[in-house]
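Subject: Structure handover

Hi,

Here is the structure I promised to pass on. Please open it first, then read the notes below it.

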Amino acid sequence: AARRRAALAVAGVTLAALVLRIAGLGAQPLLDDDLLAGASARNFVEAGWPGPTMWHHPRLRDLLVYASLSAFGPGALGLKASSVLLGTLSVAATGGLVWLLCASVPAAALAAAVVALDPLHVYFSRAAINDVYLSFFPVAAIAACLAYAERRRPWMLAAAGLLVGLGVASKWNVV
């Protein structure tokens, strides 16, 4: 019952985080970083050239931005969908991680709320750059490892490995 309450509380906070990250996104002016991330994504996927920006980072961001540009067009949602998604999911991952560490519904909900409302996290969740990816992949990977240690389901360990791999493919800091 407590696990279900924690899941519902974290899900509610995560939904609120999604609304906060999407609200007015189309009206927000595109920054140079957003436009350059889009150009880098197109250049990498279409020509194999990692530029004009962040040439020193791994290329997962370029693949995700290119996919969202293909799905949603060249506007704000097309450029920022992967950041919105991963920023929102990091709220759930944080709440889940705290639940696994202390089995406290209030602590899990509060941790998720702190991430959901943090101004810098909201900003990075609404930008095409890949900084918010660092708040999702490693946290979710650690949560998957802890879940595996508790339940011994092999798919949880595979999920942890996948999350670490995707994190490293986003930014070297995940190592």
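Start at glutamate 150. Setting aside neighbours within four places in sequence, glutamate 150 is in contact with Arg3 and Leu100 (contact means heavy atoms within 4.5 Å). With arginine 3 there is also a side-chain to side-chain polar contact of 3.2 Å. A polar contact is a pair of N or O atoms within 3.5 Å; within protein, one must be able to donate a hydrogen and the other to accept it, and residues adjacent in sequence count only if both atoms are side-chain atoms.

A word on the source: this is a predicted model, where local features need pLDDT of at least 70, side-chain atom pairs count only at pLDDT 80 or more, and totals for chains, interfaces and linings use all residues. Residues are numbered from 1 along each chain as its sequence is written, and side-chain values use heavy atoms, with hydrogens and water left out.

Glutamate 150 sits in helix α7. Helices (H or I, at least four residues) are DSSP runs, numbered from the N terminus. The residue is partly exposed, at 45% relative accessible area. Buried means under 20%, exposed over 50%, and partly exposed in between (1.4 Å probe, protein chains only). Glycine 26 is 124 residues away along the chain, and its C-alpha atom is 42 Å from that of glutamate 150.

How do α4 and α7 pack?
Helix α4 (residues 76-102) and helix α7 (residues 137-151) meet at an angle of about 35°, and their axes are 9 Å apart. Axes are lines fitted to C-alpha atoms, for helices over the stretch in contact; angles run from 0 to 180 degrees between N-to-C directions. The crossing is left-handed: the near helix is turned anticlockwise from the far one by less than a right angle. From α4, the residues involved include Leu86, Ala93 and Leu97. Among their partners in α7 are Phe137, Ile142 and Leu146. By class, this contact has twelve nonpolar, one polar and two charged residues. Ala, Val, Leu, Ile, Met, Phe, Trp, Tyr, Cys and Pro count as nonpolar; Asp, Glu, Lys and Arg as charged; the others, Gly among them, as polar.

Next, arginine 61. This residue lies in helix α3 (residues 60-72). Arginine 61 is buried, with a relative accessible area of 2%. Its side chain makes a polar contact of 2.7 Å with the side chain of aspartate 62. Beyond four places in sequence, arginine 61 is in contact with residues including Ala37, Met54, Asn130 and Tyr133.

Now the backbone. Most residues other than glycine have a negative phi, and most peptide bonds are trans. The bond from glycine 51 to proline 52 is cis, with omega near 20°. Proline 52 is in the loop between α2 (32-47) and α3. Methionine 54 belongs to the loop between α2 and α3 too. Its phi is positive, near 50°, and the residue is buried at 17% relative accessibility. Alanine 103 has a positive phi of about 50°. Look for alanine 103 in the loop between α4 and α5 (105-117).

Last, the cysteines. How many disulfides are there? The count is zero, taking a disulfide as a pair of cysteine sulfur atoms within 2.5 Å. For cysteine 102, the nearest cysteine sulfur is that of cysteine 145, 18 Å away. Cysteine 102 is partly exposed at 41% relative accessibility, and cysteine 145 is partly exposed at 38%.

Best wishes

How values were computed. Helix = DSSP H or I, 4+ residues; strand = E, 2+ residues; numbered from the N terminus.
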